[in-house]
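The text below goes through them pair by pair.

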Amino acid sequence: MEHLKIASDNYVAFTFFIGTMAMMAASVFFFFELNNTSPKWRTSVLVSGLITFIAAVHYYYMRGYNLETGDSPTFFRYVDWILTVPLMCVEFYLITKKAGAKIGLLWKLIAASLIMLLTGYVGEVLNRDASVLWGVLSGAAYFYIVYLIWFGEVATLAQNAGPQVAKATRVLAWFVLVGWAIYPLGYILGTPGGLFGVQLVADPQAAAHAMDIVYNIADAINKIGFGLVIYALSRKED
Ligand SMILES: *C/C=C(C)/C=C/C=C(C)/C=C/C1=C(C)CCCC1(C)C
């Protein structure tokens with residue numbers, strides 16, 4: 001039996017490890033706080049915990065996979081996202097529901113996020129030679145989500161849902177605009193098409209490593225940060 005150690009300069013394995021720990025801790029926090037949460041906000045805080053819990057299980061797996069093979073766990077990365085990103089859409093729906101959000105809005109957000117992720121997967125795995133094209137398609141779906149949240153139905157509903165919900169939605173909108181924009185950066189670093197043909201990291205292995213580190217940092221910011229915004233909202237308004 002070979003003993004696998006995380007070398008102190010192995011930042012990929014290290015961020016997978018820290019990511020696992022952070023997602024686990026966040027999940028325990030959200031789940032235990034459910035007891036002190038007013039019934040009105042319990043589902044939202046529960047969904048925050050589900051997002052970090054699903055990520056924790058994937059990170060535990062991805063950490064071991066990366067340590068044992070040295071490769072990027074791309075397939076399970078996308079399985080994680082396909083489960084957790086639609087749940088983030090559910091959060092937008094839940095907090096704007098009292099202002100009249102319709103289920104159709106939820107489906108629009110989920111459909112756009114699935115298109116964004118499936119085209120990203122095609123560009124990363126199935127059709128890497130055309131990674132720029134798939135990245136652009138994915139980006140279009142991403143901008144549609146940004147539009148809905150900043151200027152579309154989500155923005156309008158949030159304005160009518162009281163000052164606290166409006167404020168929290170604005171913070172979540174910043175997460176989507178800035179926090180989610182970290183992902184395309186990882187994609188540009190790690191796919192052969194680079195930034196419209198400009199390769200930022202030439203060595204393929206270094207490029208894959210850069211992509212994993214960027215994705216791991218983005219996941220910690222977005223999943224835990226997003227959940228904490230919902231948690232803070234649940235404390236302010238009851
Ligand atoms: C918890 C996981 C989250 C919030 C994942 C979000 C992922 C994205 C916003 C990915 C977006 C992409 C693009 C906009 C273009 C390139 C391909 C992707 C899939 C990396």
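A residue is buried if its relative accessible area is under 20%, exposed if over 50%, and partly exposed in between, using a 1.4 Å probe and protein chains only. The model is predicted, so local features need pLDDT of at least 70 and side-chain atom pairs count only at pLDDT 80 or more, while totals for chains, interfaces and linings use all residues. Residues are numbered from 1 along each chain as its sequence is written, and side-chain values use heavy atoms, with hydrogens and water left out.

Two rings of Phe, Tyr or Trp (for Trp, the six-membered ring) form a pair if their centres lie within 6.5 Å; planes under 30 degrees apart are stacked, over 60 edge-to-face, and the rest tilted. By this rule there are 18 aromatic pairs. One of them joins Tyr61 and Tyr65, with 6.1 Å between centres and 40° between planes, a tilted pair. Both residues belong to helix H2 (residues 39-69), four residues apart, about one turn of the helix. Helices here are DSSP runs (H or I, at least four residues), numbered from the N terminus. Tyr61 is partly exposed because its relative accessibility is 41%, and Tyr65 is partly exposed at 29%.

Trp81 and Tyr183 make an edge-to-face pair, 5.1 Å centre to centre with 80° between the planes. This pair links distant parts of the chain, for Trp81 lies in helix H3 (residues 74-96) and Tyr183 in helix H8 (residues 182-190), 102 residues apart. Trp81 counts as buried because its relative accessibility is 5%. Tyr183, at 14%, is also buried.

One aromatic cluster includes Tyr61, Tyr65, Trp81 and Tyr183, along with others such as Phe75 and Tyr121.

Conventions. Helix = DSSP H or I, 4+ residues; strand = E, 2+ residues; numbered from the N terminus.
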